[in-house]
Amino acid sequence: MSEPVIKCQSVYKIFGANAERMLKEANGNVDAKTFQENGCIVGVNNASFEVSKGEMLVVMGLSGSGKSTLLRCISRLTDATGGKIFIEGQDLLNLNNKELIELRRNKMGMVFQSFALLPHKTVLENIAFPLQIKGIKTENSINKAMDMVKLVGLDGRENYFPRELSGGQQQRVGIARSLAVEPDIWFLDEPFSALDPLIRKEMQDEFLRLQEKLQKTIMFITHDFDEALKLADRIAIMKDGIIEQLDTPANIVLNPATEYVRKFTEEVPREKVLLIKDVMDEITSDNMGDIKVSKDEIIENVAEKILTQEKTVAVTDGKNNIVGSINPAKIINTVFGGRKNNH
Amino acid sequence: MELLKKYPKLFQWLFLLAVFFALCFAIDVPETYKFIRGQAEFVKDPNQSAFVFLGKEVRYYAFDVFWRLPPLLGWLPIWINDSLFFLMNDWMPMEFWNEDTQEYKTRPLVLQITRNLTAFMTFLIELIREILLGGLETIVAFTSWDWIDANPWAELPGLPWTIVAAGSAILAYKLGGKGLALYALLSMTYISIFGQWKPSMQTLSFILVAAPLSFIFGLGLGVAAYKSKRVEKALYPILLVMQTMPQYAVLVPALVLFGVGDHAAVIITMIVAVPPMILLTLLGLRAVPPEVIEAGRMSGCSNWQLMSKVLIPTARRDILIGVNQVIMVCFSMAVISAFIGAKGLGFNLLLALNQLNIGLALEAGLCISLIAILLDKMSLAWANKQVDYFGNLNFFQRNKNSLFFGVIVIVGILLAYFGSIYFKDGYNYLFEVPHNKGISTADFWNKGVDWIFDTFFVYIKAFNTWLIVDVLQPMRALYLRMPAVATLVLVVGAGYLIGGVRSALVVCGLTLFIALSPWWDRALVTTYMATFGVLVSCTIGFTVGTLCFQNKHSTNFMLNVCDIFQTFPSFVYLIPVMMLFGITDTSVLIAVIVYATIPATRYTIEGLRSVPAGLHDAATMSGVTKFQRLFKIEFPLAFPHMMLGLNQTIVFALFMVIIGAFIGTEDLGQYILKALSDKKGAGIGLTLGICVAFIGLIFDNLIRTWVGQRKKHLGID
Ligand SMILES: Nc1ncnc2c1ncn2[C@@H]1O[C@H](COP(=O)(O)OP(=O)(O)O)[C@@H](O)[C@H]1O
Ligand SMILES: [Mg+2]
């Protein structure tokens with residue numbers, strides 16, 4: 001496998017006057033409580049993970065759990081107190097100011113919860129802003145920005161001011177702005193949290209459509225577990241600055257690593273999360289019917305098909321080879337069965 | 001006992017008042033006490049006591065310390081003065097190259113710096129002035145007097161007024177559209193036709209130097225303070241004092257440092273105008289949401305780009321208010337600095353007021369106000385303007401305004417040329433209408449004033465007498481009757497009850513400074529005048545504001561009126577009152593009231609407006625009458641905001657009281673005015689200014705602390 005796009009090694013972020021000294025003395029054993037007694041707040045506690053190219057990592061956690069802080073460390077909006085961060089192999093914390101600006105101008109895009117548009121610029125100017133900062137000629141940057149306006153479906157409103165747009169439209173501008181420089185890495189910090197549920201769903205679908213097309217490497221932050229499940233390739237669940245578990249949605253639902261994670265997953269409708277391959281059995285010698293299902297289907301989509309069968313159904317991979325089997329009882333068990341003791 | 005538990009604060013206040021009055025009655029007026037002369041006047045009198053501190057002898061009339069504290073700070077003005085002179089004349093002498101004599105000369109460093117600064121300012125002012133009016137100083141600055149004698153053609157002729165008027169209209173059009181252009185054209189034409197062209201352009205050239213420089217320095221320092229905590233900490237006390245320092249007071253030290261003339265005026269104006277600009281810049285930058293800053297960083301902004309393209313534009317609203325303030329202060333100073341020899345409308349205004357020629361004063365005042373409003377609106381329009389960058393316009397479209405201006409220049413010059421042939425009497429009206437050849441309405445106004453005086457003399461006199469004898473003099477006597485200790489107890493107690501020990505200490509320090517200065521009595525008079533003005537202003541302002549707020553149109557109308565009135569330089573307010581009441585305390589007080597009512601009204605309206613609309617609806621739904629809503633919901637919630645208005649009202653009132661010294665009042669202002677013509681006045685002027693500033697700061701501290709707590713209590717921020 002090629003090199004990961006983002007790589008974090010024991011990243012710490014501690015706020016407070018003598019954070020660095022305290023961290024050194026703690027010797028990698030950071031306890032939020034003792035730090036707090038000494039006037040330090042632990043934002044991120046020993047975060048290690050990798051994100052590979054084209055992957056979408058969703059960071060999930062309650063408000064105040066350190067998600068934004070982690071993202072800020074990786075975009076170096078704030079300097080991590082300890083640990084190492086590599087962006088495409090470059091040591092982020094060793095970049096000087098100029099290299100950092102270059103990196104942001106070409107590789108990174110970011111979307112903010114409160115949209116963070118420039119109030120004195122129109123939609124078009126806002127989107128063209130990163131390009132003009134880069135020093136691209138006005139005409140070219142405007143043309144490029146116009147493409148972005150079309151991409152997020154705001155044509156006809158390019159000369160509006162942010163205050164004249166609805167929340168959803170403003171976030172489209174935010175998204176267009178972050179994409180204008182065609183970054184490889186895309187950071188989104190609770191981009192849809194400030195929106196109404198209906199608009200949020202619409203924006204999520206739109207976002208998936210965009211990602212299908214663009215295939216960026218993404219770190220997406222949310223406090224909404226459903227949103228995480230819907231979008232993620234992998235999910236990291238944070239609590240008090242610690243990443244409690246980082247895994248695929250299915251594994252998190254099936255094998256919660258801690259009590260905290262298990263609580264989250266309790267109410268989740270499994271059939272919406274799990275794929276056939278997550279629950280299928282070995283190839284059996286049972287009599288299997290003609291019906292076959294793909295191992296990458298979400299259970300919900302094929303449940304009816306399987307349940308109407310009396311027998312075990314064959315599971316295939318992408319090349320139509322049979323790789324496993326599944327019987328109706330298993331489906332029923334997964335959907336309704338004891339949520340506490342799977343498998 | 002029940003009551004005491006229910007309203008502990010109320011009883012604490014009552015107790016404080018009781019102590020205060022007890023002290024007032026317990027301490028008798030000393031027999032030797034006579035107002036004013038009871039204080040140190042730097043005259044020798046065998047009845048005086050004296051002490052020596054830092055080598056300075058301070059003489060004063062000694063009283064019981066409970067009645068008046070001894071002027072232990074009496075050495076401060078003398079010491080400031082000596083230090084200034086030492087700095088100017090003896091400190092760090094250095095060798096400097098002299099162009100004129102072609103040799104090295106020894107000069108103190110400070111003197112050299114101020115001389116260079118002076119030369120630079122003079123050059124800037126002359127440059128603009130000569131573009132507008134003609135002259136040869138600028139050419140001389142680049143060449144020499146000999147050269148200009150040999151080449152008399154090189155003298156700048158100045159622009160014909162037609163070009164300036166049309167040019168400002170075009171600029172106004174480009175910035176703010178047709179309405180503004182029309183206003184610019186009309187006011188410029190008015191100024192020219194009524195023969196005020198020359199002084200107006202002199203004033204304008206002064207403003208065009210002072211305002212941009214103040215803006216740049218204010219913005220720069222504001223940005224520096226935003227970036228560095230240390231700079232902010234260093235600037236903060238200066239900013240605080242400057243906010244309440246009367247503009248008069250800065251004149252005197254500047255006189256010592258920079259001498260007399262327009263350049264000194266510009267420098268003083270900057271000293272006064274920069275602090276509010278810094279404060280508002282800082283305020284605006286602080287209010288930029290952190291996510292916007294991060295968005296800027298993630299867009300790849302360098303520090304410079306972040307400041308110029310993200311932070312400053314986002315903070316534009318507050319910075320704009322700063323610009324507005326700068327312009328207001330500049331026009332105010334344009335008049336005040338006539339005291340130290342600035343030319344232009346301000347000088348004419350002061351002269352006319354001095355001669356009691358109300359008509360002339362009115363004309364000059366009107367011109368200043370017209371220009372002030374024009375510049376104010378233009379700067380607003382400029383800041384609100386969007387940069388249009390679409391490159392698909394052709395050459396003509398892109399440059400139509402410049403081209404049009406080019407045409408205007410040619411037409412104007414041709415007109416002026418024809419004028420020079422046509423007008424045989426020697427005055428080319430199409431070039432410049434001379435000062436005494438324009439239409440003048442002065443006689444009309446003067447006759448009007450005479451008429452008013454003749455017709456209403458009895459009533460005005462009766463009112464005047466009643467006010468002075470039955471209201472003002474008793475009030476003044478009451479203030480002066482307060483023993484110093486009682487006042488101190490009252491102020492410190494109030495500080496403690498409002499803001500705890502910290503507030504009490506701050507207020508105590510400020511009051512002690514005034515009490516230990518030689519001018520406690522004068523300060524009491526200043527305070528009495530300000531108090532009277534503030535009481536009346538607030539009553540009017542709160543009433544008018546509340547009434548206007550009942551209707552959307554009247555609200556907007558009133559805010560606009562406030563805007564316009566605020567643009568008038570403070571001195572202008574003295575004209576109509578002198579028209580009616582002549583040279584009396586009544587005049588000053590009425591000017592104070594009119595001037596200070598502006599912030600009172602504005603903050604009342606804005607306070608009421610800041611009450612969330614949701615609360616209105618909720619109240620209406622629960623069947624509350626309009627009156628109940630006003631008193632139970634709107635007033636309590638708007639009160640913190642309104643109190644900030646009170647703060648401004650006090651500052652405005654103090655300024656006007658001090659300016660009122662020009663008409664002749666017996667307070668601190670009079671001494672400041674005196675110090676202006678005193679060779680050793682710098683120290684006195686500055687100390688007096690600080691005294692006035694401290695009076696303002698005492699109230700400022702108390703009100704702000706109270707508002708802060710109130711806001712926390714109400715959960716608004
Ligand atoms: N600049 C800061 N200074 C001090 N503490 C901070 C700062 N920024 C965040 N924190 C603290 O770090 C913790 C994590 O915050 P954040 O990353 O914003 O949480 P999330 O984005 O998950 O809601 C919180 O307890 C917050 O109070
Ligand atoms: Mg967050």
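**Close-up views of a predicted two-chain model**

View 1. Domain 1 covers residues 51-270 and domain 2 covers residues 271-340, according to the domain assignment of chain A. The centres of these two domains of chain A, taken over C-alpha atoms, are 35 Å apart. At the place where they touch, 10 residues of domain 1 of chain A are in contact with eight residues of domain 2 of chain A.

**View 2. A closer look at the domain 1 side.** What kinds of polar link join the two domains of chain A here? There are zero salt bridges between domain 1 and domain 2 of chain A, while one residue pair is in polar contact across their interface. Two helices of chain A, α10 (249-254) and α11 (259-266), each supply at least two residues of the domain 1 side that touches domain 2. The largest share of that side comes from α10(A), with four residues. Sorted by type, the residues on this side of domain 1 of chain A are seven nonpolar and three charged, with no polar ones.

**View 3. Chain A against chain B.** Now let us turn to the meeting of the two chains. Here 29 residues of chain A are in contact with 21 residues of chain B. Together the chains bury about 2,200 Å², with 61% of it on carbon and sulfur atoms. Three residues to look for are A:R104, A:H120 and A:I133, which supply 24% of the area that chain A buries against chain B, more than any other three residues.

**View 4. A salt bridge between the chains.** Which residue of chain B forms a salt bridge with A:R72? The partner is B:E294, and the closest N and O atoms of the pair are 2.4 Å apart. The interface of chain A and chain B has one salt bridge, along with five residue pairs in polar contact. On the chain A side, the elements that give two or more residues are α4 (97-106), β6 (108-111), α5 (123-134) and α6 (138-151). Of these, α5(A) gives the most, with five residues. The chain A side that touches chain B divides into 17 nonpolar, seven polar and five charged residues.

**View 5. Chain B and its fold.** Chain B has 29 helices and four strands. Its C-alpha trace spans about 90 × 75 × 65 Å along the principal axes.

Definitions and conventions. Residues are numbered from 1 along each chain as its sequence is written. Chains are lettered from A and ligands numbered from 1 in the order in which they are written. This is a predicted model: local features need pLDDT of at least 70, side-chain atom pairs count only at pLDDT 80 or more; totals for chains, interfaces and linings use all residues. Side-chain values use heavy atoms; hydrogens and water are left out. Domain bounds come from an automatic or database domain assignment. Contact means heavy atoms within 4.5 Å. A salt bridge is a side-chain nitrogen of Lys or Arg within 4 Å of a carboxyl oxygen of Asp or Glu. A polar contact is a pair of N or O atoms within 3.5 Å; within protein, one must be able to donate a hydrogen and the other to accept it, and residues adjacent in sequence count only if both atoms are side-chain atoms. Ala, Val, Leu, Ile, Met, Phe, Trp, Tyr, Cys and Pro count as nonpolar, Asp, Glu, Lys and Arg as charged, and the others, Gly among them, as polar. Buried area is the accessible area (1.4 Å probe) that two parts lose on being put together, summed over both.
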